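Let's take a walk through this structure, with an eye on how its parts pack and where they leave gaps.

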Amino acid sequence: MKVAKKNVYPAAKLNSFINDIKFDLIRLRDITIIYFHVYCVIIILMLDQYPGKINNISFYPIYTNTLHFVEDALDAGIAEKNFVTGEENWSPKFFDLLGYSENEIAGTTENFINNLLHPDDKEMFSNAVENLHKTLKFKKTEIRLKTKQGKYKWFENTNMIELDEFGKPLRIIGTIIPINKKKNLQLQLQKSEELLNETASIAKIAGLSYNVITKEHNWSKELYNIYEVSEDYKPCTETNRQFYNPETLAFIWNTIDKTISDNIPFNIEASIITGKGNLKWLRAIGKPVTNINGEVIYVNAVLQDITELKQKELELKEYREKLEKSERILQTTNHLARIVALEYDVPSKQLYWCREYYNLYEVSHYHVPGLRKDLIFYKEEYRTALLNHINDAEQFDKPYNMEAELVTAKGNHKWVRIIGESVKNEFEEVITRKISIQDITDVKKKQLELQESAKIIADRNGRLSNFAHIVSHNMRTHTSNISTLIELMKNETNEEVRQELLLLLQNVSNSLNETLKDLSEIVHVQTQTKNVISTVSIEHVFDSVMKVLSADIFKTETLIEVDFSNCPTVEYVPAYLESIMLNLISNSIKYKHPERHALIKIDSGVENGRPVLKIVDNGLGIDLTRNGDKIFNLYQTFHNHPEARGIGLYITKNQIESMGGNIAVESIEGKGTIFKINF
Amino acid sequence: MKPILCFVDNDEVYLFLMRKMIEKKYKDSKMLEFYNGLEAIEFIKENIHDTPLLPDIIFLDINMPVMDGWEFIESFTRIKHKITKPITIYMVSSSVDDADIERAKNIQEISDFICKPMTIEKVNQIFGVTEYIS
């Protein structure tokens, strides 16, 4: 850069000079005076001439057509200010560049600074001018000026200061050249670059280039960030080793070698240890670059930091494994506990279920569950209740808990406990309806068994209590008689009467013995629980009963019809079956209707998988509405029959119940009686 | 007038002993014997308007075939309004079952519950009471 010093031409001489050679003189910028001829342009440096003469020549009338031409050619505007006179000259082109016509606005420095210069550029501009005064060295600056449209445009501004012979500033000359397009492009480029860097930084994407020939590594700026090394780091094959463990290093170089030798792209993931010792995962997508001969000369790659992704992936994998394990545990638990879990997702209207579902209903995996659809599995008596529960749960979020019996697709009977609950979110909206169905068949079976045994125990207790009272009653009957008899005998003097009383005492004693025998027989039945059970032929037992009763049957001309074909045998204690049949048949004979011959029909069969025996007679019958509850009680007799002891049916019932069965009676007075034994 | 005593019991030995006792101690009394409740109630029904034949005191056993003591009381209650004669009923039983005693106490028609054996003292007491009432 050259700076104009103190010397200028005197105006008169200059003018004649100009006129002579028909030149226009222009002082442009800081250093030159340019002469324009019609045909040529000469640039002459104005050197020290006429020193000391400058004071009276302050201003040159330089605006000529040629100047305008130059201005137009350079697309530049010019302005100058004389520090001595304060005179200012602003070229029309200057205003033209801002969209103004000549004289439309004031050509003053004040106007320029206050109204045209961008506020943000004012400081920079005044600094530049100040600096110019101090150093006389000038720097090109870029400023924004306001156009007539009110928009700011970029200009390159250059100023120079001219000094007088004493070194005092005489005037300042400035030019502006529009650079708006260039500046905008530059700004755009800068912005794109920033954006690119930012994007690379955010996406943690970096580039590298490996020169196969020179073995040089070239890293993009972001790669330094990724590797966490300072920008001074010089990447090379040797120093790069520090970032990898041996296996990874081998893997990477294998990949690169293969890329070079086979000219193929690659896409790999590898872990690195950064300069700061952090573990990172990178994805590298690279491709070879070949020369004209098809030889690979570069390997270029884009690298992305995928550490977070990888971590998430690992976490996800771990989570998934855990989930799978939990799922397995849950399934096992469900299977072991026999619990079916169903979930109805309210927003999506989706029903979810666990695998145990198929086991519960014993259906194939193609069966799709449905709360209402599955009602078909349930026994009819539970369907309405269950449906009501489902409806109430849907309409009023009412929880439920019920037991029900169902029949599976394979026809097995199961007991289940069904629990329904609604799960609400923070806004009190039902989001899930949970239903669990637990197979409680075992529990229920035990419960029913327990109920049954409780009933048996209660029955047995009742019988025992009854037995105790009977015992005391019957013993007391006899002992009372004995004590009364003895009392009478004590006071009796008449020997004949005494003998009579003694005979009576004998009878009472016999009766007491008889009673004791009965009681011991009953006790025998009740305590003999370990009788041997075997397969007993009913017909065989019947035959031996017939032998015992043959005399009675013959005498009463009783007719007996039997049919044991439907169930010829039972698993039973033989002695019990004989005793039971003997008691029932002899009862039928004993209480035959006086006006007809006894007809007894006996048959066996199977009901609900259990053998039954039915004995039907046409005898006297019993009024069961009056005596039903007492018929099997001890010493209950219903007819004034000399042989009625009131012990047979009591023992029969005891024997049957001690074997876990039961006996039922139906009877119509005067028509006959039916005894039915469920073994 | 001779009081009429009625024994309803299926125990023949007991009936015999009572007969002996009454014959000895209360020669003035007349004794009726029935083997069960049905026989007794039918006798009463037959003679319901023939007051002199009806018993003054009934000794009723509980456990009897055909119709037991309780059933007899039920039947008796149904026809009681037709009987003009006051009849005192005693439940007599070998039973020492509290349930039986309690049940007897709650029946208005039953004056008392007597546990067997029936002794002369008990009969005396009853006669004392009866005489006092009459």
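What follows covers a helix pair and then the cavities.

This is a predicted model, where local features need pLDDT of at least 70, side-chain atom pairs count only at pLDDT 80 or more, and totals for chains, interfaces and linings use all residues. Residues are numbered from 1 along each chain as its sequence is written, chains are lettered from A and ligands numbered from 1 in the order written, and side-chain values use heavy atoms, with hydrogens and water left out.

Start in chain B, where the axes of helix 2 (residues 37-46) and helix 3 (residues 69-79) come within 9 Å and cross at roughly 15°. That makes helix 2 of chain B roughly parallel to helix 3 of chain B (angles under 35 degrees count as such). On one side, the contact (heavy atoms within 4.5 Å) uses B:Gly37, B:Ala40, B:Ile41, B:Ile44 and B:Lys45 of helix 2, and on the other B:Phe72, B:Ser75, B:Phe76 and B:Ile79 of helix 3.

Now for the holes: there are seven cavities of 30 Å³ or more (on a 1 Å grid over the protein atoms alone, sets of points where a 1.4 Å probe fits but cannot get out; lining residues have an atom within 4 Å of a point).

Methods. Axes fitted to C-alpha atoms, helices over the stretch in contact; angles between N-to-C directions. Helix = DSSP H or I, 4+ residues; strand = E, 2+ residues; numbered from the N terminus. Parallel < 35°, antiparallel > 145°, perpendicular 65-115°, else oblique. 1 Å grid on protein atoms, 1.4 Å probe; cavity = no way out; pocket = protein on both sides within 12 Å on 5 of 7 lines; lining within 4 Å. Points joined across faces, edges and corners; volume = space filled by probe spheres on them.
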